[in-house]
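I opened this model to see how the chain is put together and which residues deserve a note. My entries are kept in the order I looked things up.

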Amino acid sequence: MEDNKKLYTLLVYSENVAGILNQITAVFTRRQVNIESLNVSASSIEGVHKYTITAWSDEDQIVKITKQIEKKIDVVKANYFTDEQLFIRETGLYKLNTNKVLENPEISRTIRRYDASITEVNPTYTIVMKHGVTEKIIALYRELAEFNCVFQYTRSGRIAVTRGKQEEVSKFLEQREEQHG
C-alpha cells in the first residue's frame with residue numbers, strides 16, 4: 001500500500017430508495033478504490049438511511065469520491081472523516097471448539113483479558129462476542145487462533161458517529177428547511 005493512503009470513513013445519508021447503494025458503490029468502482037467495510041442502517045432521521053463506508057485512499061481521491069456521491073439525486077449529505085474525528089465501533093464473533101475451551105483455561109483468560117463475552121455454550125461450540133475497535137477485535141482473533149480452537153470468525157462493518165453533538169446531516173437538513181420553509 002502506498003504511504004499516502006490512509007483509512008477514511010465516509011458517512012453518507014440518503015433517502016430510503018431502491019438502487020442508491022448500487023449508485024454509491026459504483027463511484028468507488030469507477031475510481032478503482034476498494035471498499036473495506038460497509039454498514040447501512042436507518043439513521044436518527046426518519047426516512048433517511050446512513051451508510052458507513054471505509055476505504056483506503058489518499059485525501060485527493062476521497063474528496064472526489066465524496067463529491068461524486070453527494071451529487072447523486074437521492075443523497076442528502078456525504079462527508080469523509082479520519083478515525084480521530086469519529087467514535088467508532090465494530091463487533092467480532094468467534095465460534096470456538098467447546099472441548100478445547102474447557103480443556104485449556106488460558107482460552108477463557110484470553111477472552112476475559114480482551115473484555116469479550118461468551119454468549120452461548122453448547123457441547124460443540126462456544127460463541128464469543130467482542131465489541132470495540134478493529135485492532136482489538138483482530139488481535140483477539142489472532143490470539144484465539146494460536147490455541148487452534150477457532151471454528152469460525154467474522155467481523156461486522158464499522159459503525160461510527162461524529163464527535164460533535166449532532167449528526168452533520170442534521171445541520172444540513174435544518175438549513176435546507178429554512179431555505180425552503
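Below are my notes, from the whole chain down to single residues.

**Ground rules**

I am working from a predicted model, where local features need pLDDT of at least 70 and side-chain atom pairs count only at pLDDT 80 or more, while totals for chains, interfaces and linings use all residues. Residues are numbered from 1 along each chain as its sequence is written, and side-chain values use heavy atoms, with hydrogens and water left out.

**Whole chain**

I looked up the secondary structure and found six helices and nine strands in the protein chain. These are DSSP runs numbered from the N terminus, with helices being H or I of at least four residues and strands being E of at least two.

Next came burial: 40% of the 181 residues are buried. Buried means under 20% relative accessible area, exposed means over 50%, and partly exposed is in between (1.4 Å probe, protein chains only).

I also noted an accessible surface of about 10800 Å² for the protein chain, with 47% of it belonging to carbon and sulfur atoms. Those areas come from the Shrake-Rupley method with a 1.4 Å probe, and for residues only the protein chains shown count as cover.

Of the contacts with a separation of 6 or more, 74% are between residues 24 or more positions apart. Contact means heavy atoms within 4.5 Å.

**The main core**

Which residues have the most contacts inside the largest nonpolar core? They are Leu10, Val12, Ile24, Phe28, Ile53, Ile65 and Ile69, in a core of 16 residues. A nonpolar core is a set of buried Ala, Val, Leu, Ile, Met, Phe, Trp, Tyr and Cys residues joined through side-chain atoms within 4.5 Å. Two or more residues each come from strand 1 (6-15), helix 1 (20-30), strand 3 (48-57), helix 2 (59-70) and strand 4 (75-81). Helix 1 gives the most, with four residues.

I clicked on Ile65 and, leaving aside neighbours within four places in sequence, found it in contact with Leu10, Val27, Phe28, Arg31 and Val33. There is also a second, separate core of 12 residues, and it includes Ile107, Ile111, Tyr114 and Cys149. For my own reminder: in soluble globular proteins, nonpolar side chains tend to be buried together.

Ala78 is in strand 4 and counts as buried, at 4% relative accessibility. Apart from residues up to four places away in sequence, Ala78 touches Leu11, Val12, Thr66, Ile69 and Glu70. Ala78 and Tyr13 are 65 residues apart in sequence, yet 6.3 Å apart in space, C-alpha to C-alpha.

Thr25 sits in helix 1. Thr25 touches Ile35 and Leu38, not counting residues up to four places away in sequence. From Thr25 to Ile69 I read 9.0 Å, C-alpha to C-alpha, across 44 residues of sequence.

**Helix 4 against helix 5**

How do these two helices run relative to each other? Helix 4 (residues 105-113) and helix 5 (residues 134-146) pack at an angle of about 175°, with axes 10 Å apart. That makes helix 4 roughly antiparallel to helix 5. Axes are lines fitted to C-alpha atoms, for helices over the stretch in contact, and angles run from 0 to 180 degrees between N-to-C directions; over 145 degrees counts as roughly antiparallel.

On the helix 4 side I listed Ile107, Thr110, Ile111 and Arg113, which meet Leu140, Glu143 and Leu144 in helix 5.

Glu146 also lies in helix 5 and is exposed, with a relative accessible area of 69%. Glu146 and Ile107 are 9.8 Å apart, C-alpha to C-alpha, and 39 residues apart in sequence.

**Loops with positive phi**

Gln32 is not a glycine, but has a positive phi of about 55°. Gln32 is in the loop between helix 1 and strand 2 (35-42), and is exposed at 75% relative accessibility.

Asp115, not a glycine either, has a positive phi of about 60°. Asp115 is in the loop between helix 4 and strand 6 (117-121), and is exposed at 66% relative accessibility.

**Last stop: Ile159**

Is Ile159 buried, exposed or partly exposed? Ile159 is partly exposed, with a relative accessible area of 46%, and lies in strand 9 (residues 159-162). Leaving out residues up to four places away in sequence, Ile159 touches Asn39, Thr52, Phe87, Ile88 and Arg89. Ile159 and Ser37 are 122 residues apart in sequence and 9.7 Å apart in space, C-alpha to C-alpha.

Technical notes. Parallel < 35°, antiparallel > 145°, perpendicular 65-115°, else oblique.
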